[in-house]
Structures are given as structure tokens and as C-alpha cells.
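Subject: Two-chain model for you to look through

Dear colleague,

I am handing over the structure below, and after it I set out what was found. Please read the notes with the coordinates open beside you.

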Amino acid sequence: MDQTEIFEKVVKILTPYVKNQKALEGVSLATHILDDLKVNSARLVDVVLEFEDAFDIEIDDDDVDKVETVGNAVELIEAKIG
Amino acid sequence: MALRPIAPLPASARRKLVLQREVSRLLSPLAIPLIGITLRWVLGYRIENLRDIRREYRRICLEQDGPLMICANHLTMIDSFVIAWALGSPWWYFRHFRTLPWNVPERSIFAATRYLRAAIYVLKCLPVERGGNRAEVTEVLTQLADAVSNHEVALIFPEAGRSRSGRVDVAAAGTGVGRVYKAVPNCRVICVYLRGEGQETYSGVPRRGERFRGSVSVVEPKTDHTGIRGSRDIAQQILARLAEMERSYFDARQ
């Protein structure tokens, strides 16, 4: 799976949690999940669990701390998929 | 269940934590009664079964000298203070200072001014910005885990925020509780359910003259999951117990 495919899948998973739907129009790897997309921080764990299911990976607690932007999520998933 | 050793707290962070604890201990003869007086006589709060709650907390604390964490339902911004007041008398806390729980208030509210910062410092608070910098949140969780592993008590709310529905919401489980629990082997969790008669939903502060009832119960969650799924699973088990306690509360009120 290449980075573009992962990116598209990540954005699809994020979409239902995004409060600022306008920010989705220009979403990029640099887009901040909490600040720009206004995903509720309390729901971030649901998002990460969906990443686990969708990509069949396991994400550590510490890894979640590194996920601030869409790009961070894509990099993390890429690394986990190997 | 996969347990992880505690991430070592940097020496400087541990020194700060120990300093805060000792300052708090030194000022506790003033600070703890002051909180009690404010809650009881200024705000007029009353806990109907105060003696039962305190007796049970004492029993759990003295039963075995192991790590303890308190998890409670979350309806107002001052829950931590009301819960600490409910669980122990000033005299109990002077004699067993480790059982005065560390807690994690919202920085934007409780650390807004230097007076508030000083007050919560003395009350064993480690302010954190909810949804803020993840590294900072992790640092606070590490401090809590360190304190709990050294047999001090910490109070953490397993829901990621106050209960927006006014009821314990198992689906709203955060992961902080699970992360601390996983980091401290043999940790027991004391579930505390406390609610006032007038608390229909979440609010800033309970109304003046509020009459609370509460209950206390111990749970030792177990999970086969690892990573963030394991942390979530632990928090959900704790919340499931709190939801049972909530049902008992409402059954008793009918």
C-alpha cells in the first residue's frame, strides 16, 4: 500500500469525526487533526482504533502521542505496515 | 495482561514531584481543613453517608499496602475536591498523607492565575490541558504512575471529560487511566460514585446546599489487549463498574 492510498484511507476514517468540514477540502499531510480539523480530542482514541482495524496493525499508547497531523498518522501506519 | 515497567521519570521531574508533595504535606494542616470548611460551610454541601464512605476508604487503604488509584464519575469541575473531602477527614489525611489523592485538573480553569496555581500546587494537583500537547499529557501520566507506584493515591476520571449526558458513559472512555494502570503492577482501582440530589446533568459547580450520596468499590480490571486498545478496555471496565454503581444509586433514590 503506498502513501497516497494510506492518506486517502486515513482521511476517510477521520471524516465522520471532523467538526470543521471546510478544512477537509484542503486536507494535506500537514493538516493538524485537532487544531485544523477540530476532531474532539476525546474521540482521537476512536480514530486510532479504527486505524488499527482498517490497516490490521497494533498501535502503542506512546505512538498515539506522536499523532498530531494527518502526515504523522500516515507515517505511523506506513511504519507499522512495514 | 501485558504490563509495562513504568517509564522512568526524569530525575528533575521526580525532584519537582517530591518537592510538591512535601510542600503540600507541610501546608496540609491549613489547606485540608480549609477545603472542608469551604465545601461544608461556605457551599453548604452535605454527604448523607459520609461515615460509610470514609470507613470503606480507610478499610481499603489499610487492607494492603499496595498501589491504589481512584476512578470516579465526573459531573462538575470541583469533583476532585468533593471526592477527597468525602473519602477522608483532615485527621485521616494528616496521619496517612499518601491517601490524599493527586489529581489532574484542567489547566485553563485551575491554573489561570498565580493564586489558583499556588492553591492547586498545595492540593497535590498536576494541571493538564485536555486535548493539549500529547507529550505534556504523557509527562503528567508518567508522574501519576510514578506516584501510584510509590504507594501514593491518584484520582483520575476514566471518562474523557465531564459526563455530557449526566450519566456514566462507557463509550466515552479515555486511555489515561488505562495507561497509568498498565504501568503500575498490582494496582487496585477504587471506584467512587458520588452524586448530589440536584445533579441531573453535568455543570460547573454543584448548587449550594447540595446533598450528596456516594459509594465505593474496588475493581481490578484485566485485559488481553495490548497498546491503546488495552488502555481503552481497562477504562471501559472501570466505567462499567461505575455505571453499575450509578444504577444502584438511582434504584436507592426511588
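In chain B, six strands form an open sheet in the order β1-β6-β5-β2-β4-β3, and the pairing is mixed. Helices (H or I, at least four residues) and strands (E, at least two) are DSSP runs numbered from the N terminus, and two strands pair if DSSP finds at least two bridges between them. This is a predicted model, in which local features need pLDDT of at least 70 and side-chain atom pairs count only at pLDDT 80 or more, while totals for chains, interfaces and linings use all residues. Residues are numbered from 1 along each chain as its sequence is written, and chains are lettered from A and ligands numbered from 1 in the order in which they are written.

The edges of the sheet are β1 (46-47) and β3 (102-103) of chain B, each of which pairs on one side only. The pairing of β5(B) with β6(B) is antiparallel and extends over eight bridges; here Val189(B) has Val219(B) of β6(B) as its bridge partner. Strand β2 (residues 68-72) of chain B is parallel to β5 (residues 188-196) of chain B, with five bridges between them, and Leu68(B) faces Arg188(B) of β5(B) across that pairing. On to β4(B), β2(B) is again in a parallel pairing, of four bridges, in which Met69(B) is partnered by Ala154(B). The parallel pairing of β3(B) with β4(B) has two bridges, and Ala154(B) of β4(B) is also the bridge partner of Trp102(B).

Which residues of β4(B) are buried on its two faces? Val153(B) and Leu155(B) are buried on one side, and Ala154(B) and Ile156(B) are buried on the other, so that both faces of the strand are covered. A residue is called buried if 20 or more other C-beta atoms lie within 10 Å of its own, exposed if 12 or fewer, and partly exposed in between, with C-beta atoms placed from the backbone.

Helix α2 (residues 50-63) of chain B lies across β1, β2, β5 and β6 (211-219) of chain B, at about 20° to β6(B), whereas helix α7 (residues 134-149) of chain B lies across β2, β3 and β4 (153-156) of chain B, at about 140° to β4(B). Angles run from 0 to 180 degrees between N-to-C directions, and axes are lines fitted to C-alpha atoms, for helices over the stretch in contact.

Helix α8 (residues 176-183) of chain B and helix α9 (residues 227-253) of chain B have axes that come within 7 Å and cross at roughly 105°. Among the residues that make the contact are Val177(B) and Tyr181(B) of α8(B) and Ile234(B) and Ile238(B) of α9(B), where two residues are in contact if their C-beta atoms, placed from the backbone, lie within 7 Å. The residues of this contact divide into five nonpolar, three polar and three charged; Ala, Val, Leu, Ile, Met, Phe, Trp, Tyr, Cys and Pro count as nonpolar, Asp, Glu, Lys and Arg as charged, and the others, Gly among them, as polar.

Ala183(B) also belongs to α8 of chain B and is buried, with 22 other C-beta atoms within 10 Å. Its C-alpha atom is separated by 9.8 Å from that of Leu141(B), 42 residues apart along the chain.

Chain A has five helices and zero strands. Its radius of gyration, taken over C-alpha atoms, is 11 Å, close to the 12 Å that the globule rule gives for 82 residues, so chain A is as compact as a globular protein of that length; the rule is 2.2 Å times the number of residues to the power 0.38. Buried residues make up 26% of the 82 residues in chain A.

The contact between the chains takes 14 residues from chain A and 17 residues from chain B. On the side of chain A that touches chain B, α3(A) gives the most, with four residues, and the residues of that side divide into seven nonpolar, one polar and six charged.

With best regards
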